Amino acid sequence: MAGAVSGRLGRLGTAHHKYDATGEAPWVRYTLITVAVLFLTLFLFVPLASVFYEALRKGVQTYWEALVEPDAWSAIQLTLTVAAIAVPLNLVFGVAAAWAIAKFEFPGKNLLITLIDLPFSVSPVISGLVYVLLFGAQGWLGPWLQTHDIKIMFAVPGIVLATIFVTFPFVARELIPLMQAQGSEEEEAAIVLGASGWQTFRHITLPNIRWGLLYGVILCNARAMGEFGAVSVVSGHIRGLTNTMPLHVEILYNEYNFAAAFAVASLLTLLALVTLGIKTLVELRARKENEDAAVEAPLAALQGQAS
């Protein structure tokens, strides 16, 4: 009886080595990998390659002239300026919101979480229309703004407001689950030992969330530079004044100026690839740090037991 059982277990062990942990045959795994690679090639790598091919097809000189042309340079500057304003503001809001949600219980907490997720469920075009209804000439605050000569719609402030709205969930959504998982024991211990709120944040909370914070900032910046729908509604498409890079690409393409359109699009693609590279480095660094911490923790426990 024991021999039969051991023989059956041996056969099961041999069968287990033929497949991986999930139980599927190797051909299933290879088929899935092939389908994924083909999908990425067709819908990601080929379009990316075509952007750079079309941008450089008429030569480097034409490519460079399209980028240094005054309207294009203005669009580049406006895109970077809007991102430079929106990202730090969303960083401050994201840290404050995540701190409040993860560390405290208060009335309206679930409502705050819902509002943070709102830009994910509302079309960017709709969010742009909301700003038009608020600050437009026929909007609720439009007459008052006109009386005081304050221009928000079809100007840089409107673009900044629309960009902030569509990007403010990214930092908060990266930090909330991270801070909830970490708990508040370390902060409470620091406060008991006499640390101030700022000292606790700077020496305890910030080091614990730095990789999640940086990851959220990277995603926020990428969305801020590439936003089209909301910005298109509130910008007015004024050349040299309120056109960001995505809007400038659309105008050039509609005018059949394909070389210039793809040139500006290639620059926007390069910025996206740089952002993706930084994101990958952050993920690798964070993973390495977590692995080192996982190795050091048992060693420290063993040393404590030995002592």
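Helices named here are DSSP runs of H or I with at least four residues, numbered from the N terminus. The views below all show a predicted model.

View 1. By class, the lining of the largest pocket comprises six nonpolar, three polar and five charged residues.

**View 2. The second largest pocket, with α6 and α7 in its lining.** The volume of the second largest pocket is about 190 Å³. Its lining consists of Val132, Phe135, Gly136, Ala137, Gly142, Leu145, Gln146, Ile150, Lys151, Ile152, Met153 and Phe154. Helices α6 (124-135) and α7 (142-147) each supply at least two of the lining residues, and the greatest contribution comes from α7, with three residues. Sorted by class, the lining of the second largest pocket holds eight nonpolar, three polar and one charged residues.

View 3. When the whole structure is searched, one cavity of 30 Å³ or more is found, and the largest cavity has a volume of about 40 Å³. The residues that line the largest cavity are Thr79, Val82, Thr163, Ala224, Met225, Glu227, Thr244 and Pro246. Helices α4 and α11 are the elements that each give two or more residues to this lining. The lining of the largest cavity divides into four nonpolar residues, three polar residues and one charged residue.

View 4. Two packed helices are described by the angle between their axes and the distance between the axes. Helix α4 (residues 70-103) packs with α9 at an angle of about 30 degrees, the axes being 8 Å apart; because angles under 35 degrees count as roughly parallel, α4 and α9 are roughly parallel to each other. The crossing of α4 and α9 is right-handed. With helix α8 (residues 156-167), α4 makes an angle of about 50 degrees, and the two axes lie 9 Å apart, so α4 and α8 are oblique to each other; this crossing of α4 past α8 is right-handed. The angle between α4 and α11 is about 140 degrees, with 9 Å between their axes, and α4 and α11 are therefore oblique to each other. The crossing of α4 and α11 is likewise right-handed.

View 5. According to the unreviewed UniProt entry, the annotation "transmembrane region" covers residues 27-53, 73-99, 111-134, 154-172 and 258-278.

Key
Residues numbered from 1 in each chain as written. Predicted model: local features only at pLDDT ≥ 70, side-chain atom pairs only at ≥ 80, totals over all residues. Heavy atoms only, no water. UniProt positions renumbered as here; feature names shortened; annotations may be inferred. Nonpolar A, V, L, I, M, F, W, Y, C, P; charged D, E, K, R; others polar. 1 Å grid on protein atoms, 1.4 Å probe; cavity = no way out; pocket = protein on both sides within 12 Å on 5 of 7 lines; lining within 4 Å. Points joined across faces, edges and corners; volume = space filled by probe spheres on them. Axes fitted to C-alpha atoms, helices over the stretch in contact; angles between N-to-C directions. Parallel < 35°, antiparallel > 145°, perpendicular 65-115°, else oblique. Left-handed = near helix turned anticlockwise from the far one by under 90°.
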